[in-house]
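Let's take a walk through this one, strand by strand.

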Amino acid sequence: MGGRKRKKVVRRLRKTIPKIFACPNCGEKTLGIDIDRETNEATIKCGRCQIEDVVKISNVEQAVDAYGKFVDKYYNGDKAVIKNEESGDVSESKDQ
Ligand SMILES: [Zn+2]
């Protein structure tokens with residue numbers, strides 16, 4: 001017994017959690033999630049279709065959890081706000 005060199009370093013792989021997810025609305029991998037640790041709110045925004053939402057997460061939850069909540073919400077019909085800022089093209093004519 002003894003004399004066994006045991007150099008086992010438990011290396012904690014700090015996983016880089018991707019913050020870009022597939023957008024449920026447009027299907028592109030352009031959904032960015034930004035977490036505010038002060039309020040524990042995740043702001044979700046797609047760079048392609050501009051779908052945008054904010055979900056509450058807990059201290060231990062990550063972007064991926066926020067994404068799950070967002071997708072849930074999305075498919076539950078509680079659609080996020082879609083901002084259409086592409087152009088000032090208002091199809092509603094308001095001339096009277
Ligand atoms: Zn999208």
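**A walk around strand β3**

Keep in mind that this is a predicted model. With that said, start at the turn between β3 and β4: this hairpin has four residues between the strands, and Gln-50 there takes a positive phi near 65°. The two strands, β3 and β4 (residues 51-56), are antiparallel and share five bridges. If you want a landmark, look for Ile-44, whose bridge partner in β4 is Asp-53.

Now go to the other side of the pairing. β2 (residues 31-36) also runs antiparallel to β3, with six bridges joining them. Here Asp-34 sits opposite Thr-43 of β3. These strands make a hairpin too, again with four residues between them, and Asn-40 in the turn has a positive phi of about 55°.

What about the core? Nonpolar side chains tend to be buried together in soluble globular proteins. The largest nonpolar core here has 14 residues, and those with the most contacts inside it include Ala-42, Ile-44, Val-55 and Tyr-67. β2, β3, β4 and α1 (63-75) each give two or more residues to this core, and α1 supplies the largest share, four residues.

Finish by clicking on Ala-42. Beyond its neighbours within four places in sequence, Ala-42 is in contact with residues including Ile-33, Val-55, Ala-63 and Ala-66.

Terms used
Residues are numbered from 1 along each chain as its sequence is written. This is a predicted model: local features need pLDDT of at least 70, side-chain atom pairs count only at pLDDT 80 or more; totals for chains, interfaces and linings use all residues. Two strands pair if DSSP finds at least two bridges between them. A nonpolar core is a set of buried Ala, Val, Leu, Ile, Met, Phe, Trp, Tyr and Cys residues joined through C-beta atoms within 7 Å. A residue is buried if 20 or more other C-beta atoms lie within 10 Å of its own, exposed if 12 or fewer, and partly exposed in between; C-beta atoms are placed from the backbone. Two residues are in contact if their C-beta atoms, placed from the backbone, lie within 7 Å.
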